[in-house]
Amino acid sequence: SAVGSLLYYACAVDPTMLPALNELRIHQSKPTRTTNDKLNWLLDYAYTYPNAKIRYHATDMQLWIELDAAYHVLPNAQSRYAGHFYLSNKPPPGDLTLYTPPQNGPIHTKCTTIKNTVGSAAKAETGGTYRNTQKGVEIRRILTELGHPQGPTPTQLDNSTCHGFIYSNICQKVSKTWDMQWNWLQD
């Protein structure tokens with residue numbers, strides 16, 4: 001019940017709690033003393049910082065996505081991915097590598113376990129990118145229906161192999177799972 005209560009609060013106001021809740025969720029079917037200690041730590045954190053706030057600023061309503069994945073950080077060789085979706089100004093034309101958009105409060109934050117076991121950090125990043133960008137398509141449609149047409153959605157990731165896979169800049173070997181599951185990213 002504590003995980004469920006804190007999950008609602010984390011999704012609505014304080015997304016910094018999501019990685020800890022994700023880890024507790026995995027252990028709640030077979031709790032140990034360590035699980036109880038981690039839950040107490042999280043409850044202490046929620047009690048110590050009860051007034052979390054999200055601040056939003058007026059922008060051009062352009063969707064931006066920042067994402068990351070962590071390889072084999074959970075029990076049973078599981079990996080985790082996260083996505084931070086926010087609205088900011090439209091990007092300038094050209095190369096975005098040096099452009100930093102004005103930060104804004106998140107409109108959606110996702111932090112969850114990758115269901116299938118991945119064989120490398122690059123596959124974890126690619127899987128997280130796939131799932132986050134699918135959610136981005138949904139949010140783009142909502143924004144367009146609300147009268148905020150969207151240009152290309154800037155997506156920030158930190159794995160060069162994943163980037164190379166998406167833009168077909170690498171030569172793949174033994175990549176059947178990539179081709180079957182995440183080919184949508186290249187389209």
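Author: Helices (DSSP runs of H or I, at least four residues) and strands (E, at least two) are numbered from the N terminus. The model is predicted, so local features need pLDDT of at least 70 and side-chain atom pairs 80 or more, while totals for chains, interfaces and linings use all residues. Residues count from 1 along each chain as its sequence is written, and side-chain values use heavy atoms, without hydrogens or water.

Reader: Which element gives the largest share of the lining of the second largest pocket?

Author: A pocket is an open set of points on a 1 Å grid over the protein atoms alone where a 1.4 Å probe fits, with protein on both sides within 12 Å along at least five of seven lines; lining residues have an atom within 4 Å of a point. Helix 1 (2–12), helix 2 (18–27) and strand 3 (106–113) each supply at least two lining residues. Among the lining residues are V3, L7, L21, R25, H108 and K110. The largest share, five residues, belongs to strand 3.

Reader: What does L42 contact beyond its neighbours within four places in sequence?

Author: With contact taken as heavy atoms within 4.5 Å, its partners are L6, M17, A20, L21 and L24.

Reader: Is the pair of W41 and Y45 stacked or tilted?

Author: The structure holds three aromatic pairs (Phe, Tyr or six-membered Trp ring centres within 6.5 Å; planes under 30 degrees apart are stacked, over 60 edge-to-face, the rest tilted). For W41 and Y45 the centres are 6.2 Å apart and the planes lie at 20°, so the pair is stacked.

Reader: Where do W41 and Y45 sit, and which residue joins them in a cluster?

Author: They are four residues apart in helix 3 (residues 33–48), and are therefore separated by about one helical turn. W41 is exposed (over 50%) at 55%, whereas Y45, at 25%, is partly exposed (in between). Y45 also pairs with Y49, with centres 5.1 Å apart and planes at 50°, so that pair is tilted. The residue that ring pairs link with W41 and Y45 is Y49.

Technical notes: Buried < 20%, exposed > 50% of the residue type's maximum accessible area, 1.4 Å probe, protein only.
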